Amino acid sequence: MQQSSDSESRKLLRRLRDALAEESEGQERLDHITSIIADSMVTEVCSIYLFRDAETLELCATEGLKPEAVHQTRLRLGEGLVGRVARTGKYINAADAPSMRGFRYMPETGEEAYSSLLGVPIQRLGEKLGVLVVQSKEAREYTEDEIYALEVVAMVLAEMTELGAFVGEGAALSARHQHPVLFRGTAGQEGTAEGHVWLHEPRVVVTNPIAEDPEREKARLTAAIEDLRVSVDDMMNGAGMTADKDQREVLETYRMFARSQGWMRRMCEDIDRGLSAEAAVEKEQSNARTRLQSAPDVYIRERMHDLDDLSRRLLRLLTGQGTETGAEMPPDPILVARSIGPGDLLDYGRSLKGIILEQGSVGSHAAVVARALAIPLVIHAENITTEALNGDHVLVDGENGVVHLRPEDNIVNAFRDKIAMQAKAQERYRDLRGLPAETLCGARVTLTMNAGLIADLPSLDGSGAEGVGLFRTELQFLANRSMPRRGELARLYGRVMDAAHGKPVVFRTLDIGSDKILPYMKRPEEPNPALGWRAIRVGLDRKGVMRMQLQALIRAAANRPLWVMFPFIVQLDEFRCARAMVDDEIERERVLGHDLPTEVRVGAMVETPSMAFCPRAFYEEADFVSIGGNDLKMFFFAADRENERVRRRYDTLNVSFLNLLSMIIDRCAETGTPVSFCGEDAGRPLEALCFAAIGLRSLSMRPASIGPVKHLLRRVDLEEARATIDEARRGDVQSVREAMNQWLTDSVSRG
Ligand code: PEP
Ligand code: MG
């Protein structure tokens, strides 16, 4: 029985292949295919529905339904039985379709004559392409064998759709990957860019979904699976010892799939039915995806991505695609990836004009690196890796989280106008480079920049920054595959100081934990990492790494001043212990006879509300403090900075938050402790103005923000701004934003 259904299936696929090989237009091909399927399966109706856009299915060809319904009948995703198959990715087998819940009657098709319906999804590598349907008058359920046969055919159709076999005059389907597509994602890093798609993982194209010789296909598959197993074992051996729990889980899942007999058996069955090894891999991936997608358990759903990855690896092994080296990046490359690690991103470096990811969060490593490199980044651009092709024209709007793939001319023109306007504004800001950020009332605000890479330093001169107010040292640790060595770090820090040409650079010691996880350092599983073992807590509990870093900093600063700042100080003794470590290391260097820094200033970041209320001794003992507004806001408002749902929910200019900042500023004033603000908000002109108005005289921000902030500060009177804030504070408003905007409009129009 199995034997005969296999040969039936192969016969059908052979007929399909011959039909596909004929010189004909796309529509003609589709029509021919529906009649072959209906004939082979001895069923009165066969119809093919394909996606017109992400939400709409269109009847593109039919044998048995009324021909005039072709290209007229449309269904929304989820609508009717066909729409449901498309949405769920699961087949529907109904003996009496019209009586099924959700059945939608479409009079123009004449389908009322048919009772039974079998619909299977047409999908490829997780991408939904359409639905293949057979119907017959007789009220009967289709057999398992028939379902399987139709799924195999659907797989072939998916490949052919992808290859553009149904494109042409009469517009069965317009060509794929050619239309403009708009993606609304999330802003990861501000900035705009125009360029061409560079896929981090190239698409695998399968040109041979049907194969004649099942034994040969099985041998190819077995060999590829063997290679895959070896490479997974290598990964396990390479990373298994140091990888964290999540990474190990992924590798274990890879291993489990790679050794799964069931997976192999199902793919061999597909091959017996006439599919090529490649098509069999894709078919089983789509099936497993559907199963995993609807799993109630998040952990199981997560495994779906692991299977996707593994299937792609297997396809690359089978086709040899994506393993060849030397493919050329297009001009102005814009990286498109599902996700990417910080090391890979740093390898691309500044050659990238923009980055678009399907996954990730604003606080992910990739975002940290993109921010450090000042490359516009959009995350959560769903399905862009399946839609985009290498070299496609693309526009990235990192401000609004929008991506235009293959944009139309009017969009390109508007976008270019926007870029030109920004460039003009930058030119204006460049003219201010050598001028101080001095307000109309004569107050001087020091504007410094945030950095994290040696490559950031040229921006010091370009932006007119007066120094580096925050040098985040974690990138060198995150990007490395193993713990960096002291000598290596000392050289790097030395080069950073050299490049600053005597301007101060405030080095923040390693701020890991929470979202920043070192791949080579074991860490405990934590229920809430943002409130867990992070930053200075790690440094004080595992002194080796912090000591090594402090030694590197002290050596790099031989015969010049050193600024060191500790992150996430929450109470006095943490600062005291950290400071004592600096003193110890200086003493050690002295005993060793090394040259010492000319002076050492030790500061702390204020990132939790507790520091506004801490003992006065902290402010007396700290040489300076810097307000880390990103974390401070998160803890003050109890709103996760990485959670899209809440991260913008509370306004920085909320009166309560300004009151907290005022408290900190006042406490610093009492003890004469220099204070600055280095969270992202310092780079937003209105926020920067309010901070200056309530007494902050030092702000550290992205280099690109220095121009706009200075431009605004030079045009305002801080005393007037302060009066406006105070008046709003005395009222019952929640935020001073509206009052400040109003005042700004009035005062600028007056001025
Ligand atoms: C902050 O928390 O505001 C800050 C500057 O540190 P990071 O963003 O690196 O946590
Ligand atoms: Mg912080």
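Analyst: What follows is a walk through the sheet, then some other strands, a helix residue, the cysteines and the ligand site.

Keep one thing in mind from the start: this is a predicted model.

**The open sheet**

Begin with the strand order. The sheet is open and has 8 strands. Read across, they run S7-S14-S13-S9-S10-S11-S12-S8. The pairing is mixed.

Now look at the two ends of that order. Strand S7 covers residues 181–184, and strand S8 covers 186–189. Both stand at the edges of the sheet. Each has a single partner strand, so one side of each is left without a neighbour in the sheet.

Neighbouring strands are turned by 25 degrees against each other on average, with direction ignored.

Next, move to S9 and S10. Strand S9 spans residues 192–199 and strand S10 spans residues 333–337. These two pair in the parallel sense, over 4 bridges. You can find one such link at Val197, whose bridge partner in S10 is Ile334.

Helix H13 is made of residues 409–431. H13 touches S9, strand S13 (393–397) and strand S14 (402–405). The direction of H13 makes about 125 degrees with that of S9.

Go back to S10 and step to S11. S10 and S11 also pair in the parallel sense, with 4 bridges. Here Ala337 has Leu357 of S11 as its bridge partner.

Strand S11 runs over residues 354–357. Both of its faces are covered. On one side sit Gly354 and Ile356, and on the other sit Ile355 and Leu357. All of these residues are buried.

Now turn to strand S1, residues 45–53. Of its 9 residues, 7 are buried, so S1 is largely enclosed by the rest of the structure.

S1 pairs with two strands that we can follow. With strand S2 (residues 56–63), the pairing is antiparallel and has 7 bridges. S1 and S2 form a hairpin, with 2 residues between them. With strand S6 (residues 127–136), S1 pairs in the antiparallel sense over 6 bridges.

In S2, the bridge partner of Ile48 is Ala61. In S6, Leu132 stands opposite Ile48.

**Leu117 in strand S5**

Pick out Leu117 next. Leu117 belongs to strand S5, residues 116–124. Its relative accessibility is 4%, so Leu117 counts as buried.

Which residues does Leu117 touch, not counting those up to four places away in sequence? They are Leu81, Ile92, Asn93, Ala94, Ala97, Val133, Val134, Gln135 and Tyr142. Take Ala94 from that list. Leu117 and Ala94 are 23 residues apart in sequence, but their C-alpha atoms are 5.2 Å apart in space.

**Glu146 in helix H4**

A helix residue comes next. Glu146 lies in helix H4, residues 144–162. The relative accessible area of Glu146 is 18%. The cut-off for buried is under 20%, so Glu146 counts as buried.

Leaving out neighbours within four places in sequence, Glu146 is in contact with Met41, Leu118 and Arg140. With Arg140 there is a polar contact, side chain to side chain, at 3.0 Å.

**The cysteines**

How many disulfides does a search of the whole structure find? The search finds 0. Cys614 is in no disulfide, and the nearest cysteine sulfur, in Cys668, is 9.2 Å away. For Cys678, the closest cysteine sulfur is also that of Cys668, 13 Å away, which is too far for a bond.

Are these two residues buried or exposed? Cys614 has 7% relative accessibility, so it counts as buried. Cys678 has 2%, so Cys678 counts as buried as well.

**Around ligand 1**

Finish at ligand 1. This ligand is surrounded by 14 residues. The closest are Arg472, Arg508, Gly628, Asn630 and Arg641.

Look at the oxygen atoms of the ligand. A polar side-chain atom of Arg472 lies 2.8 Å from an oxygen atom of ligand 1. The backbone takes part too. A polar backbone atom of Gly629 is 3.1 Å from a ligand oxygen. For Asp631, a backbone N or O atom lies 3.0 Å from an oxygen atom of ligand 1.

Methods. Residues numbered from 1 in each chain as written. Chains lettered and ligands numbered in written order. Predicted model: local features only at pLDDT ≥ 70, side-chain atom pairs only at ≥ 80, totals over all residues. Heavy atoms only, no water. Pairing = 2+ DSSP bridges. Axes fitted to C-alpha atoms, helices over the stretch in contact; angles between N-to-C directions. Contact = heavy atoms within 4.5 Å. Buried < 20%, exposed > 50% of the residue type's maximum accessible area, 1.4 Å probe, protein only. Disulfide = S-S within 2.5 Å. Near = heavy atom within 4 Å. Polar contact = N/O pair within 3.5 Å; in protein donor to acceptor, adjacent residues only side chain to side chain.
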